[in-house]
Amino acid sequence: ASYYNDLIWIDQAAQDAWVAMWRFTARRYRYHPAIVGYDLMVEPNANEIWLNLWDPEEFYRSYGGTLFDWNQLFPRIIKAIREVDPSTPILVEAMSYGSLTWLPCLQPAAAPGIGYVFHQYSPYLYTHQEPGESGYFYPGRFDTDDDGQPEDFNKDWLGDFFSIVDEFKSRWSHPVAANEYGVVRWAPGAKNFLDDEIDLLEKKNINHAIWVWNPC
């Protein structure tokens with residue numbers, strides 16, 4: 001528990017140190033043949049860990065531009081990296097643990113070699129259900145977005161969800177990838193869920209890396 005530290009979202013000195021850490025890292029590893037890219041922060045989470053805010057519009061209306069806002073920190077990190085390493089690709093995840101629904105809120109930095117990435121575990125009730133839990137199937141029907149109303153959960157649902165990527169790429173012309181996605185193996189219909197996700201990702205030319213839970 002003593003290692004658990006989220007002060008970076010409320011401490012300017014901690015943010016400055018994160019920038020300095022990345023400048024040091026990029027200078028040290030810029031020519032290393034095993035390094036294919038820099039992922040600046042895995043799952044930025046100020047909205048949840050300090051504020052318990054899950055709605056991006058509400059978050060940016062109240063906290064945009066503050067230390068809680070990833071948009072004011074990651075461009076500083078990119079600038080520091082590019083001062084010492086002009087070419088290694090840089091990956092930037094969205095807020096709310098890399099959520100795709102927060103991807104449109106990213107303000108891309110004016111620098112070369114940047115890719116924007118997301119983690120796809122929606123709907124969480126399905127992808128993270130406990131063994132033996134009932135009510136969450138693929139395809140199926142349940143409240144996928146916590147609005148109190150059930151939705152049809154199928155490939156059409158996934159297609160609508162992934163349209164967020166289409167809109168982002170159309171607006172910014174930046175590459176986008178899913179650098180984590182997956183589902184617990186015991187979720188009913190998990191194979192079909194993954195088949196449909198992979199099919200959509202491939203058709204949209206979105207690179208992807210599946211997350212595999214421990215098999216125990």
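A residue is called buried when its relative accessible area is under 20%, exposed when over 50%, and partly exposed in between (1.4 Å probe, protein chains only). By that scale Arg76, at 31% relative accessibility, is partly exposed, and Asp16, with a relative accessible area of 34%, is also partly exposed.

The model is predicted, so local features need pLDDT of at least 70 and side-chain atom pairs count only at pLDDT 80 or more, while totals for chains, interfaces and linings use all residues. Residues are numbered from 1 along each chain as its sequence is written, and side-chain values use heavy atoms, with hydrogens and water left out.

The structure holds eight salt bridges; each is a side-chain nitrogen of Lys or Arg within 4 Å of a carboxyl oxygen of Asp or Glu. One of them joins the side chains of Asp16 and Arg76 at 2.8 Å, N to O. This pair links distant parts of the chain, 60 residues apart: Asp16 sits in helix 1 (residues 12–29) and Arg76 in helix 4 (residues 70–84). Helices (H or I, at least four residues) and strands (E, at least two) are DSSP runs, numbered from the N terminus.

Glu83 and Arg23 form another salt bridge, 3.3 Å from N to O. Here Glu83 belongs to helix 4 and Arg23 to helix 1, again 60 residues apart. Glu83 is partly exposed at 47%, and Arg23 is partly exposed at 27%.

A further salt bridge connects Arg141 and Asp152 (2.9 Å, N to O). Arg141 lies in strand 4 (residues 140–142) and Asp152 in strand 5 (residues 151–153), so the pair ties together parts that are 11 residues apart in sequence. Asp152 is partly exposed, at 44% relative accessibility. Finally, salt bridges that share partners join Arg23, Lys79 and Glu83 into one network.
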